There are 2 protein chains.
Amino acid sequence: MKIQELADKTGLSIHTIRYYEKEGLLDTRHVQRDNNNYRNYSDAALERMKLIKKFQGIGCSLMELKDILKDHDTNTRSNQQVIEWISSKIDEIERKKEEYDHMLATLNLMLEYHIALENDPEKAQAMLKRMQSMQHTE
Amino acid sequence: MKIQELADKTGLSIHTIRYYEKEGLLDTRHVQRDNNNYRNYSDAALERMKLIKKFQGIGCSLMELKDILKDHDTNTRSNQQVIEWISSKIDEIERKKEEYDHMLATLNLMLEYHIALENDPEKAQAMLKRMQSMQHTE
DNA sequence: GTAAACTATAGAGTTAACTCTATAGCAAGC
DNA sequence: GCTTGCTATAGAGTTAACTCTATAGTTTAC
């Protein structure tokens with residue numbers, strides 16, 4: 001498929017797709033050139049783009065992805081090293097999830113407070129006091 | 001306290017702290033000037049820095065934080081609007097958490113596969129087949 | 001056969017969030 | 001009082017990840 005089609009299918013811009021190639025995130029299995037020098041993308045390219053988006057969504061940089069994918073493609077690292085990378089990534093995500101849970105708790109408390117402000121001023125007052133006394137203990 | 005002390009207590013650089021001020025994330029309750037024009041930070045500044053770091057950790061931009069905090073400070077928005085903002089933020093974080101869960105599942109599968117490669121080649125082979133048949137169904 | 005639409009490259013521009021540099025005014029220790 | 005270290009400002013530089021522009025070749029539709 002040509003670049004515009006891939007762009008449509010991935011939701012990325014053609015600029016971004018060419019940028020990813022320039023950054024070394026694609027290889028010959030993903031892009032070839034036609035006689036007219038137009039890029040011709042395989043289905044593997046589509047899969048790779050999806051994978052990149054997914055990993056990017058959880059905070060991986062393109063640099064990191066490039067390393068991992070190159071690795072995945074050429075098997076330069078030992079299986080042990082791959083296992084270690086995956087494990088540390090899992091830890092990282094789990095830490096991040098805990099952060100999110102903490103923020104969720106905070107936001108839910110904030111929400112409860114603002115709803116109380118509307119319906120139950122006394123409760124709101126009580127919550128405010130409770131929150132202030134927490135300020136310096138966390 | 002002076003800027004270096006705040007930097008030490010927050011883990012931010014003095015450059016970053018001044019940058020935050022320039023970007024409008026602090027006001028007179030956080031910073032005042034001494035006679036010699038040195039900045040003098042209150043404990044509120046410390047709290048604010050912590051808050052910024054927390055929200056930034058879950059993907060809020062400084063711009064967004066500026067809006068929220070300005071809001072929080074001056075009460076320009078109605079309580080209803082604040083409730084809506086908090087609710088949408090909660091939704092956002094919950095979506096993000098699901099993404100993380102999905103990635104965790106993927107990574108755990110990858111881990112299991114690589115461990116099987118070491119100890120149980122047959123299992124690894126079976127997993128590979130299973131994963132390949134999943135490729136085009138998701 | 002020509003205009004519109006798509007593709008190519010090289011390289012400049014953008015944005016967020018820092019990060020650093022140069023220059024200069026205070027401050028604290030000895 | 002001098003050196004060392006902290007503070008100030010203005011503005012330049014950096015990094016990642018795009019995003020866009022200029023210029024030019026190719027394809028497609030009419």
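In this predicted model, the side chains of A:Lys97 and B:Asp101 form a salt bridge, with 2.5 Å from N to O. It is one of two salt bridges that the rule finds across the interface of chain B and chain A. Eight residue pairs are in polar contact across that interface.

Helix 3 (43-57) and helix 5 (79-119) of chain B are the elements that give two or more residues to the side of chain B that touches chain A. Helix 5 of chain B provides the largest share, 27 residues. Sorted by class, this side of chain B has 16 nonpolar, nine polar and ten charged residues.

The contact as a whole takes 35 residues from chain B and 35 residues from chain A. Between the two chains an area of about 3,600 Å² is buried, and carbon and sulfur atoms give 68% of it. Three residues, B:Tyr100, B:Met103 and B:Leu107, supply 18% of the area that chain B buries against chain A, which is more than any other three residues.

How are the two chains placed relative to each other? Chain B is superposed on chain A by a rotation of 180 degrees with 0.0 Å of shift along the axis, and the RMSD is 0.1 Å. This is the relation of a two-fold axis. Within chain B, the C-alpha of B:Lys97 is the one nearest the axis, at 3.2 Å. Both copies use the same surface, since 100% of the contact residues of chain B recur in chain A.

The next part of the picture is the DNA. There are 17 residues around DNA strand C, and those that come nearest are A:Arg18, A:Arg39, B:Tyr20, B:Asn36 and B:Tyr38. Of the atoms of DNA strand C that come within 4 Å of the protein, sugar and phosphate account for 69%.

For A:Arg39, a backbone N or O atom lies 2.5 Å from a phosphate oxygen of DNA strand C.

Which elements supply the surface near DNA strand C? Helix 1 (3-10) of chain A and helix 2 (14-22) of chain B each give at least two residues. The largest share, four residues, comes from helix 2 of chain B. By class, the surface near DNA strand C has six nonpolar, seven polar and four charged residues.

Key:
Residues are numbered from 1 along each chain as its sequence is written. Chains are lettered from A and ligands numbered from 1 in the order in which they are written. This is a predicted model: local features need pLDDT of at least 70, side-chain atom pairs count only at pLDDT 80 or more; totals for chains, interfaces and linings use all residues. Side-chain values use heavy atoms; hydrogens and water are left out. Copies are superposed by least squares on the C-alpha atoms of residues with pLDDT of at least 70 in both. Contact means heavy atoms within 4.5 Å. Buried area is the accessible area (1.4 Å probe) that two parts lose on being put together, summed over both. A salt bridge is a side-chain nitrogen of Lys or Arg within 4 Å of a carboxyl oxygen of Asp or Glu. A polar contact is a pair of N or O atoms within 3.5 Å; within protein, one must be able to donate a hydrogen and the other to accept it, and residues adjacent in sequence count only if both atoms are side-chain atoms. Ala, Val, Leu, Ile, Met, Phe, Trp, Tyr, Cys and Pro count as nonpolar, Asp, Glu, Lys and Arg as charged, and the others, Gly among them, as polar. A residue is near a molecule or strand if one of its heavy atoms lies within 4 Å of it.
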